[in-house]
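Walk through this structure one site at a time. Keep the sequence beside you as you read.

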Amino acid sequence: MVFYFYKHHTRLNMKIEIPENKRNIPSLFVCSDGTEVTSAEDWMNRRRPEILEILHREEYGRYPDMSDVRITMKVVAERSGEKIMNGRAVRKTVEVESVRNDRHFIFSFDVFIPLNAKKPVPAFVEICNRGSMNCDPAREVLSTFYPAETIISRGYACAAFRTHEVAPDYEEGFQTGFHRLFPEISENRPADAYGTLIIWAWAASRVMDFFEQEPMIDEKKVAVVGHSRGGKTSLLAGALDERFALAISSCSGNSGDAITRGKSGETVGQILDRFPYWFAGNYKKYIGHEDEMPFDQHFLVSLMAPRLVYTSTKTNDAWADPASEFETLIQVNPVYQLFGLEGLQQTERPLPEQPLHEGCIGHHHKTGDHNMDDYDWDQYMDYTDRHLK
Ligand code: GCU
């Protein structure tokens, strides 16, 4: 289907190309009352909120009412000098404390900011879902999962938080970390109560709160980055918090960047068997009934428009399913066209090591196993150099 319309507020007589719907996924462009979205305003005012609501209710759950939670943030340590990245950066350790009635919980993150910058710099927030060795603030253990030194030398600031400090990554009845604040929800969880992924996304937004206060960081140019379960979270963080200019998702697969219908590898049943606590209870309805979902994962990625989104995959990651991951981008592409923007520079899936960096939707597919490594980071930074610097 191809339809044309004229948008007065943008520069182009836009052509919206709706891709073939081979997998019978719900339309991004048809609202719940059956009418079609015909403009960027319509998308932002009507369709986007509907999509967000469906994902909250059916898949990820909703945030609790946080109006009685008092959140304070403080820099508890600040260091620079020879021992901190050979004098190239300042390291700030930030503690976020949340208090509700007599309950509280704290998580912390470390921020590195280049010292030689003449003006505020763009920044990355890494969602570290692996052991702390992968985002060691002391930088004694270096990991390509979070190459902070390279990020600094390329003129960016960066911060990483550890997901397990925010909410545990195992089934424990929603008792620790963030969950301590809402015992009444843990005891009697509504079917649309928050899962763990959305709470990790909440933490990414708290890092953004800090960036807004930090004079040497340009908070309008922040990318949130995550791998696998962290990549599902980075897309969710970007969808929920429009302050993020870019969401980067590595190998996020099922319930992340891959279309579920017709997907190979992990299914909804398999993810819920091992990780039920990541999601709202309602998601279970779709085990074995994926065709009945009133959404698919293109809904999640579409929420980034008109902001930037970047996904990466690995040739051997059959569990995540690179073809279904790319299919999502094909389906989201026309949403960018609605804004008069180029989404994907091509709709054929690229060969490995042929990154697509031109459009607002970036992507690469690299030879190798399920991982986020230095090749991926080089691509992410090349892309941000081009679109955010
Ligand atoms: C499991 C899970 C995936 C997830 C991955 C990870 O394999 O099934 O959905 O992406 O863990 O986070 O590494």
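**A guided walk**

S98 is buried, at a relative accessible area of 0%. Buried means under 20% relative accessible area, exposed means over 50%, and partly exposed lies in between, with a 1.4 Å probe and protein chains only. This is a predicted model, in which local features need pLDDT of at least 70, side-chain atom pairs count only at pLDDT 80 or more, and totals for chains, interfaces and linings use all residues. Residues are numbered from 1 along each chain as its sequence is written, and side-chain values use heavy atoms, with hydrogens and water left out.

S98 sits in strand β4, residues 89-100. Strands (E, at least two residues) and helices (H or I, at least four) are DSSP runs, numbered from the N terminus. What does S98 touch, leaving aside neighbours within four places in sequence? S98 is in contact with V69, R70, I71, R103, H104, F105, L181 and W202. Contact means heavy atoms within 4.5 Å.

Next comes the nonpolar core. Such a core is a set of buried Ala, Val, Leu, Ile, Met, Phe, Trp, Tyr and Cys residues, joined through side-chain atoms within 4.5 Å. The largest one has 117 residues. F109, F124, F161 and F211 have the most contacts inside it. Helix α5, residues 196-213, gives the most to this core, with twelve residues. Look at F211 in detail. Beyond its neighbours within four places in sequence, F211 contacts V111, A123, F124, V125, A159, I217, E219 and V222.

Now turn to the ligand. Which residues are around the ligand? They are S228, R229, K232, E266, I271, R274, F275, W319 and H370. A residue counts as near a molecule or strand if one of its heavy atoms lies within 4 Å of it. By class, this shell has three nonpolar, two polar and four charged residues. Ala, Val, Leu, Ile, Met, Phe, Trp, Tyr, Cys and Pro count as nonpolar, Asp, Glu, Lys and Arg as charged, and the others, Gly among them, as polar.

The side chain of S228 has an N or O atom 2.5 Å from an oxygen atom of the ligand. For R229, a polar side-chain atom lies 2.5 Å from a ligand oxygen atom. An N or O atom in the side chain of E266 is also 2.5 Å from an oxygen atom of the ligand. The ligand on its own has 320 Å² of accessible area, and the protein covers 86% of that. Accessible areas come from the Shrake-Rupley method with a 1.4 Å probe; for residues, only the protein chains shown count as cover. The elements that give two or more residues to the shell are α6 (229-240) and α7 (268-274).

Two shell residues turn up again in the next site. S255 is in contact with K232 and I271, and also with E59, Y60, F279, Y283, Q297 and L300, leaving aside neighbours within four places in sequence. S255 lies in the loop between β9 (246-250) and α7. Its phi is near 65°, a positive value in a residue other than glycine. Is S255 buried or exposed? At 0% relative accessibility, S255 counts as buried.

Compare N86, in the loop between β3 and β4. Phi of N86 is near 50°, again positive in a residue other than glycine. N86 counts as exposed, because its relative accessibility is 59%.

G61 is in the loop between α1 (40-60) and β3 (70-79). G61 is buried, with 0% relative accessible area. Its C-alpha atom is 7.9 Å from that of G281, 220 residues apart along the chain. Leaving aside neighbours within four places in sequence, G61 is in contact with L55, H56, D192, A193, Y194, I198 and A280.

A cis peptide bond joins A305 and P306, with omega about 5°. P306 is in the loop between α8 (297-302) and β10 (308-314).

End at V141, in the loop between β6 (121-128) and α2 (148-153). V141 is partly exposed, at 30% relative accessible area. Not counting residues up to four places away in sequence, V141 touches M133 and D136. The C-alpha atoms of V141 and I51 are separated by 41 Å, and these residues are 90 apart along the chain.

How values were computed
Polar contact = N/O pair within 3.5 Å; in protein donor to acceptor, adjacent residues only side chain to side chain.
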